[in-house]
Amino acid sequence: MKESRRMLSLLMLICLLFAALTVNAEDKGIGLGDKGETIAILQRRLSDMGYFESTITGVFDDATKEAVEAFQEANGLEATGIADPETIARMYADDVISLKPLPTPTPAPKIYSKEECYQAAVNKIMWYKYNDPSSVRYTLNWSDHRDGCYVFMFDFSQRMSSGKMEYCKWMLTVDEKTGKVIKNDQSGFSYR
């Protein structure tokens, strides 16, 4: 969850940085003396890549200019020390040259849909302890979503080998992150 928020924040900050660069009517970029969150974002990115080793201040100072120049030189750009649109775009390119490994974004975890969780619950019913699925009958009575889980209540019946019918309520809780049944409760058994 933290990684997802971090990635979203990073994306938003990149957008802010690009917006700040495009506001400049002459597209000269940002340079010495500029201040603000955009500069802090630039400094963080340069730091992540190993070009900026000073404190992140949000002020485009001499250390920031030197870091931008080093980045530009290493990445085949004209070393102007000004973070122009071409420089910023290069900072986020897939083939960027970084002095240290960049963190690999963690993909968002899969969240199983209600239908997938329902199928996991049905599979549990069908194969839990019954060898003959054709003798099993179930009807979904109700379902709910709470605390990252789907809860399914089934009316269940099975023809026993003696010919009698077994009836019960069967509640299964399926974790939406794993798609696995994590709680399995049966109650109200009756036989006819």
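Two strands are said to pair if DSSP finds at least two bridges between them. With that in hand, take strands S3 and S4: they pair in the antiparallel sense over eight bridges. Before going further, please keep in mind that this is a predicted model.

Now the overview. The chain has five helices and four strands. Reading from the N terminus, the order of elements is α-α-α-α-α-β-β-β-β. The chain has 192 residues, and 33% of them count as buried. Looking at contacts between residues at least 6 apart in sequence, 44% join residues at least 24 apart.

Back to the strands. In what order do the four strands of the sheet lie? The order is S1-S2-S3-S4, the sheet is open, and the pairing is antiparallel. Strand S1, residues 136-146, and strand S4, residues 181-191, are the edge strands, and each of these pairs on one side only. From one strand to the next, the twist averages 15 degrees.

Let me walk across the sheet. The loop between S1 and S2 is the place of Asp 147. Asp 147 is worth a stop. Most residues other than glycine have a negative phi. Asp 147 is not a glycine, yet its phi is positive, at about 50 degrees. Is Asp 147 buried or exposed? Its relative accessible area is 76%, so Asp 147 is exposed, since the cut-off for exposed is over 50%.

Next come S2, residues 149-159, and S3, residues 165-175. How many bridges join S2 to S3? There are eleven, and the two strands run antiparallel. Two of the pairings can be picked out on the screen. Tyr 150 stands opposite Val 174 in S3, and Phe 152 has Leu 172 as its bridge partner in S3. S2 and S3 form a hairpin with five residues between them. In that turn, Gly 163 has a positive phi of about 95 degrees.

Met 171 stands opposite Asp 185 in S4, and Thr 173 has Lys 183 as its bridge partner in S4. The hairpin of S3 and S4 has five residues between the strands. Here Gly 179 takes a positive phi near 75 degrees. As for cover, S3 is mostly covered, with eight of its eleven residues buried.

How do H2 and H3 lie relative to each other? Helix H2 covers residues 37-48 and helix H3 covers residues 62-74. Their axes come within 11 Å and cross at roughly 50 degrees. H2 and H3 are therefore oblique to each other. The crossing of H2 and H3 is left-handed.

Which residues make the contact? From H2 there are Leu 42, Gln 43 and Leu 46, and from H3 there are Thr 64, Ala 67, Val 68 and Phe 71. Sorted by class, the contact of H2 with H3 has five nonpolar residues, two polar ones and no charged ones.

Take one of those residues, Thr 64, in helix H3. Thr 64 counts as buried because its relative accessibility is 0%. Leaving out residues up to four places away in sequence, Thr 64 touches Leu 42, Gln 43, Leu 46, Phe 52 and Val 59.

Another residue of helix H3 is Glu 69. Its relative accessibility is 27%, so Glu 69 counts as partly exposed. With the residues up to four places away in sequence again left out, Glu 69 touches Ala 79, Thr 80 and Gly 81. Glu 69 and Tyr 51 are 18 residues apart in sequence, and their C-alpha atoms are 9.2 Å apart in space.

Ser 113 is found in the loop between helix H4, residues 85-91, and helix H5, residues 114-127. At 26% relative accessibility, Ser 113 counts as partly exposed. How far apart are Ser 113 and Lys 177 in sequence and in space? They are 64 residues apart in sequence and 9.4 Å apart in space, C-alpha to C-alpha.

That is what I had. Questions are welcome.

Key: Residues numbered from 1 in each chain as written. Predicted model: local features only at pLDDT ≥ 70, side-chain atom pairs only at ≥ 80, totals over all residues. Heavy atoms only, no water. Axes fitted to C-alpha atoms, helices over the stretch in contact; angles between N-to-C directions. Parallel < 35°, antiparallel > 145°, perpendicular 65-115°, else oblique. Left-handed = near helix turned anticlockwise from the far one by under 90°. Contact = heavy atoms within 4.5 Å. Nonpolar A, V, L, I, M, F, W, Y, C, P; charged D, E, K, R; others polar. Buried < 20%, exposed > 50% of the residue type's maximum accessible area, 1.4 Å probe, protein only.
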